Amino acid sequence: MRLQTTCSLSMILFLSSHVFADETQPDFTDPQITAIAHVEKISNELKQVNQSIWEWAEVGLEERKSSRLLQSKLTAAGFKVETGLAGMPTAFVASFGSGKPVIGILAEYDALPGLSQKISPQREAAEEGKPGHACGHSGLGTGALGAALAVRQAMEQHGLPGTIRLYGTPAEETVIGKVYMTLDGVFDDLDICLHWHPGTKNEAWSGSSKALVSAKFTFHGTAAHASVSPASGRSALDGVELMNVAANFMREHIKEDARLHYVIVDGGGAPNVVAPQATVWYFCRADSHEDTEYNFRWLNDIAEAAAKMSRTRLTVKIDTDCHEVIPNSPLSALITTIMQKIGAPKFTDTEMAFARRLQEPLVAQFGRQFPLAIDDRIHRVAAIPRASKGSTDVGDISWRVPTGGLRTACLPAESPGHSWQNVASIGSSIGEKGIIYSSKILAVTAIELMQRRELIAAARSDWQTRMKDKKYFSFIPDGQQPPKKIR
Ligand SMILES: [Zn+2]
């Protein structure tokens, strides 16, 4: 390892093919070497943290033990921890150091309902009907923790000026935590925000994502005996059904990237009672928040019309309103280079065989072909980055501060999101390797930004250009507190 600062940004941006070969020399600064060594030193502790959060598998806004565990590790390392951010008991921020630059790293730790799974190649619940970490957030929180602890070690040992913060952001699965934290202004003084997500490959985040409004439409009718006195009743379920029919017609006339999906969370109690109340829960998404605004207003008009048609009354509750990610080219280029310099973990034959077994049911059911068991290559940023078809509440932060992110291979190649296979994999040594790698990448990136302020300036300039004509608007009413529970 040569002890000098790193290659220039222009060189980073010049890279062109899609997968790195192993030809470049790693060169890290002393603080970066310290950070990498620290991640190695605490790797067993990090694996235990992942294991605990994985076993607890707490759903959004109920991640009490997971949040407390992360906080306790940070407090023990000398971070100042503040909890209950934006009115959410499981949200927190842990800070170390002082002054500029201020670099934030995001942690998530919520699980998904009904996806409990053993570390087994067959579908086998650890506890029937219980939640599981099918999005790998046990690893996400752990990887972010490892990075924050490593940056702290480097700051202390080398006298690096600045502030490192780890944000504990609950309820990502319903894109709630970071949205309300953003509205509360907790990210506003960051210079750069960094995030990562367990994935099926190693690559910097370079594209956008979908904006999403989540809202519950409740129709209020009049109960009556459905057979004896239907003329005295007004059905709230009729309101829901009329709304859904119209929304399904609306689909034909919205842009192809837009999405509408719904579930009826309350359709009444019994067929022989005219439903006095019924609720439908909608996600309204599009590649831009601007389009989401247009479509959501349309959907509201439909709901009001459905209430009129069914002679019911409508109330609408906005749960959350999440914005698309604003990508940042200098940050994705920097992260890509650092991923390459550190080098991706290799997987053993046993791990590869386990990944193959996890892929088997998908081969059998859908005839899918998987050329790779685990994709351990490092992918370059595509010339035209693809937008994710999902949503993340990281988006809202990226509307406030320049934000960069990455994924590492923690899951079998091409493994579908939110699958039981992912629960098994993030709890296994495959996931652990990706988690440890993410800690190193995030830590080295944060230190690079602290040591080379011109990179922060480049990221800010890119962000300013992308934000030039954008105005942050939210459907969430002013002062509304986040929900206490998801459902
Ligand atoms: Zn996720």
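A residue is counted as buried if 20 or more other C-beta atoms lie within 10 Å of its own, as exposed if 12 or fewer do, and as partly exposed in between, with C-beta atoms placed from the backbone. Helices (H or I, at least four residues) and strands (E, at least two) are DSSP runs, numbered from the N terminus. The structure is a predicted model, in which local features need pLDDT of at least 70 and side-chain atom pairs count only at pLDDT 80 or more, whereas totals for chains, interfaces and linings use all residues. Residues are numbered from 1 along each chain as its sequence is written.

The protein contains 14 helices and 12 strands. Its radius of gyration, taken over C-alpha atoms, is 24 Å, close to the 23 Å that the globule rule (2.2 Å times the number of residues to the power 0.38) gives for 487 residues, so the protein is as compact as a globular protein of that length. The C-alpha trace spans about 85 × 50 × 45 Å along the principal axes of the protein, and buried residues make up 55% of the 487 residues. Two residues are taken to be in contact if their C-beta atoms, placed from the backbone, lie within 7 Å; among contacts between residues at least 6 apart in sequence, 82% join residues at least 24 apart.

The pLDDT, which is the predictor's confidence in each residue on a scale from 0 to 100, averages 94 over the protein, and 94% of the residues score at least 70. Confidence stays under 50 over residues 1-18, for which the model has 28 contacts beyond four places in sequence. It also stays under 50 over residues 20-25, for which the model has 6 contacts beyond four places in sequence.

Helix α3 comprises 14 residues (43-56), which at 1.5 Å a residue should span 20 Å, and its end C-alpha atoms are 20 Å apart, in agreement with that expectation; the expected span is 1.5 Å times one less than the number of residues. In α3, the residues L46, V49, N50, I53 and W54 are buried. Seen down the axis of α3, the buried residues fall within an arc of 130°, so they line one face of the helix, the arc being that of the directions from the helix axis to the C-beta atoms. An α-helix has 3.6 residues a turn, so residues three or four places apart point the same way. The cover over the buried residues of α3 includes α4 (64-76), α5 (137-158), α12 (420-426) and α13 (429-451).

Within helix α5 lies S138, which counts as buried with 31 C-beta neighbours inside 10 Å. Leaving aside neighbours within four places in sequence, S138 is in contact with N50, I53, W54, Y109, H133 and I426. S138 and S66 are 72 residues apart in sequence, and their C-alpha atoms are 8.3 Å apart in space.

Strands are said to pair if DSSP finds at least two bridges between them. Strand β2 (92-98) is mostly covered, with 5 of its 7 residues buried. It pairs with strand β1 (residues 80-83) in the antiparallel sense over 4 bridges, where the bridge partner of E82 is V93 in β2. Strands β2 and β4 likewise pair in the antiparallel sense, over 7 bridges, and A94 stands opposite L166 in β4. In strand β7 (residues 211-220), 8 of the 10 residues are buried, so this strand is largely enclosed by the rest of the structure. Strand β7 pairs in the antiparallel sense with strand β9 (residues 277-286) over 10 bridges, with H220 opposite Q277 in β9, and with strand β10 (residues 313-322), also in the antiparallel sense, over 9 bridges, where the bridge partner of S214 is T320 in β10.

Most residues other than glycine have a negative phi, and most peptide bonds are trans. The peptide bond from K100 to P101, however, is cis, with omega near -10°, and P101 is placed in the loop between β2 and β3 (102-107). Just after α3, A57 takes a positive phi of about 40°. Phi is likewise positive at A171, near 50°; this residue lies in the loop between β4 (162-168) and α6 (177-183) and counts as buried, with 29 C-beta neighbours inside 10 Å. At E414 phi is near 60°, again a positive value in a residue other than glycine. E414 lies in the loop between β12 (403-409) and α12 and is partly exposed, with 15 other C-beta atoms within 10 Å.
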